[in-house]
Amino acid sequence: MLDQRNHQGKFAEDYVRALASAAGLLVYKDDLDHDGIDLGFRYPGRTGHISSPAIEVQVKSWSAPSCKGPDLYFHGLNEVQYNKLVAGPFLVPRYLFVVVVPRERDHYARVETEGLTLSRLCYYRGFEGEQPVASPSSKRHAPVRVPLGNVLTVRALRELVGAPA
């Protein structure tokens, strides 16, 4: 069995993969996580003048969320990781996906007569226009506010990718 940290992280990636599958998107993963990207999502078709629109994301899991007003106050990125999402411009837009998970791994998923329920929610945040941290350190954390209104749904994921409705 996976240790708690790896189990939680794997569940978070599988959670967003399930949403991508429901959205009809392709999921891709780089050879190595060298560039701060865990997963990419691509629409396998044409939308307007663009073929195969895509986004790239870093997926983080969180079992003890803290809120400040209308935002999650996430501090799970160090400054180097933060800069890999911010220091563009990027040809493919980058996002942070934060999957809030239950503390108990036995509560990650429930099977009921209506179907499978994955617990809790995933939130997203883009960084276009944000400034990178000067002289970033992997020892310091970069606090990130993630709006509670940015719940990742099938529709939201398709919109982020630029797939037709």
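## Basis of the description

Because the model is predicted, local features are reported only at pLDDT of at least 70 and side-chain atom pairs only at pLDDT 80 or more, whereas totals for chains, interfaces and linings use all residues. Residues are numbered from 1 along each chain as its sequence is written, and side-chain values use heavy atoms, with hydrogens and water left out.

## Overall form

Along its principal axes the C-alpha trace spans about 50 × 40 × 35 Å. Of the residues, 39% count as buried (under 20% relative accessible area, with exposed meaning over 50% and partly exposed in between, for a 1.4 Å probe and protein chains only).

The chain contains three helices and 12 strands, which are DSSP runs numbered from the N terminus (helices H or I of at least four residues, strands E of at least two). An unreviewed UniProt entry places the feature "domain: DUF4365" at residues 11-160; positions from that record are in the numbering used here, feature names are shortened, and annotations may be inferred rather than shown by experiment. Over residues 11-160 the chain is 19% helix and 33% strand.

## The five-stranded sheet

Five strands form an open sheet of mixed pairing in the order S1-S2-S5-S8-S11, where two strands pair if DSSP finds at least two bridges between them. Strand S1 (26-28) and strand S11 (122-126) are the edge strands, each pairing on one side only, and the twist averages 30° from one strand to the next. Within this sheet, S5 (residues 54-62) and S8 (residues 94-100) are parallel and share seven bridges, with Glu56 opposite Arg94 in S8.

## Helices on the sheet

Helix H2 (residues 79-86) lies across S5 and S8 and runs at about 130° to S8 (axes are lines fitted to C-alpha atoms, for helices over the stretch in contact, and angles run from 0 to 180 degrees between N-to-C directions). Helix H3 (residues 154-161) packs on the sheet, touching strand S2 (39-42), S5, S8 and S11, where contact means heavy atoms within 4.5 Å.

## Strands S7 and S12

Strand S7 (residues 71-74) runs antiparallel to S12, to which four bridges join it, and Tyr73 has Arg145 in S12 as its bridge partner.
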